[in-house]
Amino acid sequence: MRSSRRWGAIAVALGVGLSCAKRTDERVRKAWGNASKAPAEGPSDRGGPDDAQGGDTEAQPIRVGWERLEEILDTALSETAVGTDDETMARLAERWCQVQPVPRDTADGPVLVCIPNPPVQIDGHAFTLELGGEGVIGLVATELSLADGSALAEEAVRKTEHWCTRPWTDATPRPTADQPPPPTADRLFTCPVEGSALLVVARFVTDEATGLWQVSVAVIDAS
């Protein structure tokens, strides 16, 4: 993938707004299959014929914390290994979102933003889900202090490095190549994974006046 498109995709993964709603465009409505679906009913609440008849299919365990984040990333990596498109993102929204997401227009195409169901909660911080924009599947925590954002980003790098086929690259912008970034600088780490995907962990300030930070963990289809 061309460098400019790759970093444009990373920018989408890090910078999309976090508003959610109970409506979406026609393509995503069709993917959900029921535009009048009750807001509180998530994708995991839909049962098949065996469920209705008391089938013996064993329920999948509900994962929490880092296990839940890794569960989403594992599926994201499988999807990006074969390529992503609008239909793939709509299908993942159907699978993961608590309510139907509103597409947000960006320079890299529409991005779907929602609250995952089951939720992703780590150390008391809730993550939202972002899908779209040059094949980005990302999880984002906002309104963090610098200390919380730093700890969360560092732990994300440790927890997800087992997917990396090469060591993490510190892609943090810095004044000179041999000068380390200051502790209060935005941080950006990337690594390649199996297939053509790129794994990204980032921490950056979203409001300098109030000192609020954001952490993003994203998989980007780099094909």
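## The disulfide of Cys 164 and Cys 191

Cys 164 has a relative accessible area of 17% and is therefore buried (buried means under 20% relative accessible area, exposed over 50% and partly exposed in between, with a 1.4 Å probe and protein chains only). Its disulfide partner is Cys 191, with the two sulfur atoms 2.0 Å apart (a disulfide being a pair of cysteine sulfur atoms within 2.5 Å). Cys 164 sits in the loop between helix 6 (146–160) and strand 6 (169–170), while Cys 191 belongs to strand 7 (residues 187–192), so the bond ties together parts that are 27 residues apart in sequence. Helices (H or I, at least four residues) and strands (E, at least two) are DSSP runs, numbered from the N terminus. Cys 191 is also buried, at 1% relative accessibility, and the torsion about the S-S bond is about -75°, so this disulfide is left-handed.

The model is a predicted one, in which local features need pLDDT of at least 70 and side-chain atom pairs count only at pLDDT 80 or more, whereas totals for chains, interfaces and linings use all residues. Residues are numbered from 1 along each chain as its sequence is written, and side-chain values use heavy atoms, with hydrogens and water left out.

## The disulfide of Cys 97 and Cys 114

The count comes to 2 disulfides, and the other bond joins Cys 97 to Cys 114, with an S to S distance of 2.0 Å. The pair links distant parts of the chain, 17 residues apart, with Cys 97 in the loop between helix 5 (86–96) and strand 1 (102–104) and Cys 114 in strand 2 (residues 111–114). Numbered in sequence order, the bonded cysteines pair as 1-2, 3-4.

## Strand 9 and its neighbours

Of the 10 residues of strand 9 (residues 212–221), 9 are buried, so this strand is largely enclosed by the rest of the structure. Strand 9 pairs in the antiparallel sense with strand 5 (residues 136–144) over 7 bridges (pairing requires at least two DSSP bridges between two strands), and Val 217 is the bridge partner of Leu 139.

Strand 8 (residues 197–207) also pairs with strand 9 in the antiparallel sense, over 10 bridges, and Leu 198 stands opposite Ile 220. These two strands form a hairpin with 4 residues between them, and Gly 211 in the turn has a positive phi of about 70°.

## The chain overall

The chain has 6 helices and 9 strands, and buried residues make up 43% of its 223 residues.
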